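Reader: I am new to reading protein models. Can we go through this one feature by feature?
Author: Gladly. Ask as you go.

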Amino acid sequence: VYKRQDIFIQRLEKNILNYNSYKPVEKVYLHTDKDLLTENENLWFSAYVTLGTKHHYSFASKVLYIDFVNPKGEIIKTQTIPLEEGRGKGNLKVPKNSTTGEYQIRAYTKWMQNFDTSFFFTKKVKVVAKNSTHSTLNNNSIDLQFFPEGGTLIAGLNGRVAFKALGEDGLGKEVKGKIIDSNNDFVANFKSIEHGAGVLNFTPKLGESYTAVLENNTTFKLPKSENVGYSLLVSNIDDRNIKIKVQATENLRGKKFYVIGHIHNEKYYQGRFEFGGKLLVDFEIPKNKLPTGIFKLTLFSEDGIPMAERAIFNNNHNELTISAKIDDSDAAPKDKIKIDLEVKDSRNWPVATGISIAITDADKFSKNENSKNVLTQLFLESDLKGYIENPALFFNDSKRATKFRLELVMLTHGWRKINWQNIKNDVYVKFNKHQ
């Protein structure tokens, strides 16, 4: 429960309103014609730039910057294209003598440089070069990271810990191992489920440290646990409600706490809770009034300090349905071909919209239907850090297995984009959004 006149709620609402008004979020998506290129070949693209919480076309930025990054992470080419009312188009030519490997297209505006560069548009493309030296990767090298749900392990409180194992190619690697304490005593087993990601549950002890040991005896340290804090356990598998359970260390159980929920920096949930002598507070948030997007739950202490946070993806499946019919029955080589398009909304009503079409040679290029698209970029990837494998898979159905895979993504990539300290302190802006 909460009171609308609560001073903390009022102050937070004012700060967020000011932040969204003066520092709106810009997002970029490039619709490209292919993912596989040869040296000196053109990559054609259509650019979309949106501004604000409703993803309207941006009329602010007039220039889009595009970087071409080689497998070593070096920018080998940068170019600009003009933007008009949030749209642009152009091509990027692969430099001659480019080596074979996985390159990255990165796109952003000057305004976006004021914020975390992790949220620039990025896309991986493969370059197949002639007479080049193939780079080799050590596939045995793995980076294993652990992500406590809510952000922190709390001593004495049972918590869920997600993990992600990445190879040198930036893709998930399957791992299996165990967790031990400082005395080499067994604590828990763990095994990745998909794309190197998985979860485990355990209760850290006060003053204890923990290590993950893989089957090849490689070791990785788990994050240190805190002595004071909250444990946040969230389930997003149910079709109707998001289910939340909150625990706290003993010294916090006599104090109230707040839970605030946002999508695209707009508040959709607020609650004030007390333990009332109980060890656990549990509640549900209905999904029927939430829009599609990443729903970020933040738990604040009685003093207004953010203590835990969790990213959750809500999908109302209200995207447009586009069907295409090609009339090429009498077409000869290089003839014009007529394409009939029909666009309908989620209610199956015809709707007018702006679209772009990429056409490539089917004999030379194939497209992964689960790869990045405008929907995954604006509603999912642009609010997460790191590379998401097959993101369109999460929009295809509402099966329980798909939801669980998406939960793994939220737990491992869903570190917050909203910086509450910046919202409170009015972060300095260096780049003008009209550049």
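Reader: With which side chain does the side chain of Lys34 make a polar contact?
Author: First, a caution: this is a predicted model. For a polar contact, look for a pair of N or O atoms within 3.5 Å. Here the side chain of Lys34 meets the side chain of Asp33 at 2.6 Å. The side chain of Lys34 also reaches the backbone oxygen of Asn42, at 3.2 Å.

Reader: Where is Lys34 found, and is Lys34 buried or exposed?
Author: Lys34 sits in the loop between β1 (26-32) and β2 (36-38). To call a residue buried, we ask for under 20% relative accessible area. Lys34 has 9%, so Lys34 is buried. Ser61 is in the loop between β4 (56-57) and β5 (63-69). Its relative accessible area is 2%, so Ser61 is buried too. The side chain of Ser61 makes a polar contact with the side chain of Glu26, at 2.9 Å.

Reader: How do I read a pair of strands? How many bridges join β13 to β14?
Author: Check the direction and count the bridges. Strands β13 (residues 176-181) and β14 (residues 186-191) run antiparallel, and five bridges join them. Take Lys176 as an example: its bridge partner in β14 is Lys191.

Reader: Now salt bridges. How many salt bridges does the structure hold?
Author: It holds 16. Look for a side-chain nitrogen of Lys or Arg within 4 Å of a carboxyl oxygen of Asp or Glu. One of them joins Glu149 to Arg310, with the closest N and O atoms 2.7 Å apart. Glu149 lies in the loop between β10 (142-148) and β11 (153-154), and Arg310 in strand β25 (residues 306-314), so the pair ties together parts 161 residues apart in sequence.

Reader: Are Glu149 and Arg310 buried or exposed?
Author: Glu149 is buried, with a relative accessible area of 5%. Arg310 is buried as well, at 2%.

Reader: Which residue forms a salt bridge with Arg405?
Author: Glu194 does, with the closest N and O atoms 2.8 Å apart. Arg405 lies in helix α4 and Glu194 in the loop between β14 and β15 (197-202), so this pair ties together parts 211 residues apart in sequence. Arg405 is partly exposed, at 27% relative accessibility. Glu194 is partly exposed, at 24%.

Reader: What is the reach of helix α4 from its first C-alpha to its last?
Author: Compare the reach with 1.5 Å a residue. Helix α4 (residues 400-413) has 14 residues and reaches 20 Å, close to the 20 Å expected. Then check its cover: 10 of its 14 residues are buried. Among them are Leu406, Glu407 and Leu408.

Notes
Residues are numbered from 1 along each chain as its sequence is written. This is a predicted model: local features need pLDDT of at least 70, side-chain atom pairs count only at pLDDT 80 or more; totals for chains, interfaces and linings use all residues. Side-chain values use heavy atoms; hydrogens and water are left out. Helices (H or I, at least four residues) and strands (E, at least two) are DSSP runs, numbered from the N terminus. The expected span of a helix is 1.5 Å times one less than its number of residues. Buried means under 20% relative accessible area, exposed over 50%, partly exposed in between (1.4 Å probe, protein chains only). A polar contact is a pair of N or O atoms within 3.5 Å; within protein, one must be able to donate a hydrogen and the other to accept it, and residues adjacent in sequence count only if both atoms are side-chain atoms. Two strands pair if DSSP finds at least two bridges between them.
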